[in-house]
Amino acid sequence: MAAVDLSTHPGHLARRLQQAHYLLWNTMVSEEITSPQFAVLNALVGEPGLDQRTVGERVGLDRSTIAEVISRLGRRGLIDKVRDPQDGRRSLLRPTDEGLRTHRKLTVRTARMNQVFLAPLSAEEQTRFLDLIRRVADAAEGLRNPAEPIAASRS
């Protein structure tokens, strides 16, 4: 069997994009705060007082990953947890003053990084690219818990 052309495989291209994003993030944005950590902090700046599960849903992180991200942001003093007065089993999350300062700083850096990342595309192409990749990412969210396994549907 001949080798396949991986340039036609979306997963291969997505991995290459992720590698480029990771490199740019570490050099232009932060070596300490990861992109998922920034996403969580950003969600809490936009909607302070969300619980962990809701923040995870907002930024597309699974339960174990969101728990670790929340823990790291808490240890860095960027977010606070407070008990929900209506449901003592639940914690609500808010950015600290340091979290707000960090968010402001990183927001400027991410804007610059995104310009570099998307520089090969014209303004119109950038808009189209973001629309297409968003549609694929949104559809992929439904693949996390498919109604029936793919292998079973082929039988």
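Colleague: Which helix does Gly74 lie in?
Modeller: Gly74 lies in helix α4; helices are DSSP runs of H or I with at least four residues, strands are E runs of at least two, and both are numbered from the N terminus. This is a predicted model, where local features need pLDDT of at least 70, side-chain atom pairs count only at pLDDT 80 or more, and totals for chains, interfaces and linings use all residues. Residues are numbered from 1 along each chain as its sequence is written, and side-chain values use heavy atoms, with hydrogens and water left out.

Colleague: How far does α4 reach?
Modeller: α4 covers residues 63-75 and spans 18 Å from its first C-alpha to its last, close to the expected 18 Å. The expected span is 1.5 Å times one less than the number of residues.

Colleague: Which residues of α4 are buried?
Modeller: Ile66, Val69, Ile70 and Leu73 are. They sit on the same side of α4, because they cover an arc of only 100° around the axis, taken from the directions from the axis to the C-beta atoms.

Colleague: What do they pack against?
Modeller: The buried residues of α4 pack against α2 (35-46), α3 (52-59), β2 (79-83) and β3 (91-95), where contact means heavy atoms within 4.5 Å.

Colleague: And what is on the face turned away?
Modeller: That face of α4 carries the exposed residues Ser64 and Arg75. Just after α4, Gly77 has a positive phi of about 75°.

Colleague: Changing topic, how many salt bridges are there?
Modeller: A search of the whole structure finds 10, each a side-chain nitrogen of Lys or Arg within 4 Å of a carboxyl oxygen of Asp or Glu. One of them joins Arg53 and Glu57, with the closest N and O atoms 2.8 Å apart.

Colleague: Where do Arg53 and Glu57 sit relative to each other?
Modeller: They are four residues apart in helix α3, so about one helical turn separates them. Arg53 is exposed, at 51%, and Glu57 is exposed, also at 51%.

Colleague: What about Asp84 and Arg90?
Modeller: Their side chains meet in a salt bridge at 2.8 Å, N to O. Asp84 is buried, at 7%, whereas Arg90 is partly exposed, at 33%.

Terms used: Buried means under 20% relative accessible area, exposed over 50%, partly exposed in between (1.4 Å probe, protein chains only).
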